[in-house]
Amino acid sequence: MVRAGSASVAGGPTLAVVAREAGVSVPTASKVVNGREDVAPETRRRVTEALDRLGYVRRPRFDASKTPGLVDLVVHSLDSSWSGAVLHGVEKAAHEAGLEVVVSAGPNRARGNRPERGWLDKLTARGSSGVLFNVAELSPSQYAWLNHHRIPYVLLDPAHEPPAGVVSVGAANWQGGVSAAEHLLALGHRRIAVIAGHRRTLGTGARVAGYRSALAAAGVRHRAEYVRHAGVDEATARLRTHELLDLPEPPTAVFVCSDRMALGVFAALAEREVRVPDDMSVVGFDDLPEARWVAPGLTTVRQPVGEMAATALRLLVRMMHGERPEGTRTELSTRLVRRGSTAAPPVARPTM
């Protein structure tokens, strides 16, 4: 709603009116509208509140009709088996929809840990009809930029809770944690550890919560010293494994929250001459090709990465045609894949 006395154009306030309402200059208000980084948080808040209060209509700058057969896929990297599975799923779904896909790695980080804007600017230059993001997170200004340009977008497996109304696709991580722990419990393990990723990410939190829930349902006491957090890399997981082995009562099994980290666990166990699964059972999460490369093969929780990517693209296509999904979060089921890395616990653990 526009206040009485406010100048308006085409039934709405001008940017000058918004700037005056927020107590800033017109260039500063324009920076906020366009998602620029170089605006103080308090200034951004005042301008955003003024935009909403006055009912400022952001002019669409994105012409989806320019190249209706083109979508962008933005991934965090191009050199992992995860990205390969994402690309395969997107390519399949795009072929079915008659779309072309432009793949790029980003958003890259520039000086001061601020995201570069070049890849965003290229979206409008290409005239892509929508964007599928498989990156850890977007910044508030990037969300603002996308919304201002009215670009349809979907997040694939976001690391953090996205803003309200943002559409995302992921896996049933909590249930995956449950199935991993239940499998080890059924084999007879009671001293079950978990090596998780970053503490505050969605996937990590859900997987650890599922693990704890399964232990509680089985009447097994949760041990805080059995929960170790790594990054997402092999080296840190290797260190956390050594920490577990050095406990007065080390675990007989470990649930590792990614297959990549499980490679580090295998390395640490080999260094300590702990046999898998005779001395220690290991369960991973993802079911990437790495799970089949190790010996013995890694028992792991499969999250359907390719299917998740294809589902995300299909949701994006619906949004490109003006539809709105019924819910903002879509989760695909996980399932346990049994291989050779799990067995019943040893009768008496060897000295480590």
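This passage describes the fold of one protein chain, as seen in a predicted model.

The protein chain contains twelve helices and 14 strands. Of its 352 residues, 50% count as buried. Its accessible surface comes to about 16400 Å². Carbon and sulfur atoms account for 51% of that surface. Among contacts with a separation of 6 or more, 73% join residues 24 or more positions apart.

One is built from six strands in the order β4-β3-β5-β6-β7-β13. The pairing in this sheet is parallel. Its edges are β4 (100-105) and β13 (329-332). Each edge strand has a single partner, so one side of each is left without a neighbour in the sheet. From one strand to the next, the twist averages 20°. The pairing of β3 with β4 illustrates the arrangement. Strand β3 covers residues 70-75 and is joined to β4 by six bridges in the parallel sense. Here Val75 stands opposite Ala105 of β4.

Helix α12, residues 305-320, lies across β3, β5 (131-134), β6 (153-156), β7 (168-171) and β13. It runs at about 165° to β6.

Six strands also make up the other open sheet, in the order β9-β8-β10-β11-β12-β14. In this case the pairing is mixed. The edge strands are β9 (227-229) and β14 (335-337), and each pairs on one side only. Neighbouring strands are turned by 20° against each other on average, direction ignored.

Strands β8 and β10 run parallel and are joined by four bridges. Within this pair, Ala193 stands opposite Val254 in β10. On to the next pair: β10 and β11 are also linked in the parallel sense, over three bridges. Val254 has Val282 as its bridge partner in β11. Between these two strands the chain passes through α10, and this β-α-β crossover is right-handed. By contrast, β12 (residues 299-302) and β14 pair in the antiparallel sense, over three bridges. Val301 has Leu336 of β14 as its bridge partner.

Strand β10 has buried residues pointing both ways. Ala253 and Phe255 point one way, while Val254 and Val256 point the other way. All four are buried. Helix α7 lies across β8, β10, β11, β12 and β14, at about 165° to β11.

Attention now turns to the nonpolar cores. The largest one has 42 residues. Ile195, Tyr211, Val254 and Val282 have the most contacts inside it. A second, separate core has 27 residues, including Val167, Ala312, Leu313 and Leu316.

Ile195 shows how residues meet across the sequence. Neighbours within four places in sequence are set aside here. Among the remaining contacts of Ile195 are Ala237, Arg240, Thr241 and Leu244. Ile195 is also in contact with Val254, Phe255, Val256 and Cys257. Further contacts include Arg228, Ala230, Met261 and Val265.

Two cis peptide bonds can be described. One runs from Val276 to Pro277, with omega near 5°. Pro277 is placed in the loop between α10 and β11. The other runs from Ala295 to Pro296, with omega near 0°. Pro296 is found in the loop between α11 (290-293) and β12.

Positive phi values are also found in residues other than glycine. For Arg150, phi is near 55°. Arg150 sits in the loop between α6 (140-148) and β6. Its relative accessibility is 46%, so Arg150 counts as partly exposed. For Asp286, the positive phi is about 135°. Asp286 belongs to strand β11. Its relative accessibility is 8%, so Asp286 counts as buried. The cut-off for buried is under 20%.

Note on methods: Residues numbered from 1 in each chain as written. Predicted model: local features only at pLDDT ≥ 70, side-chain atom pairs only at ≥ 80, totals over all residues. Heavy atoms only, no water. Core = buried A, V, L, I, M, F, W, Y, C linked by side-chain atoms within 4.5 Å. Buried < 20%, exposed > 50% of the residue type's maximum accessible area, 1.4 Å probe, protein only. Contact = heavy atoms within 4.5 Å. Pairing = 2+ DSSP bridges. Axes fitted to C-alpha atoms, helices over the stretch in contact; angles between N-to-C directions. Right-handed = clockwise from strand over helix to strand, strands pointing away. Areas by Shrake-Rupley, 256 points an atom, 1.4 Å probe, with all protein chains shown as cover.
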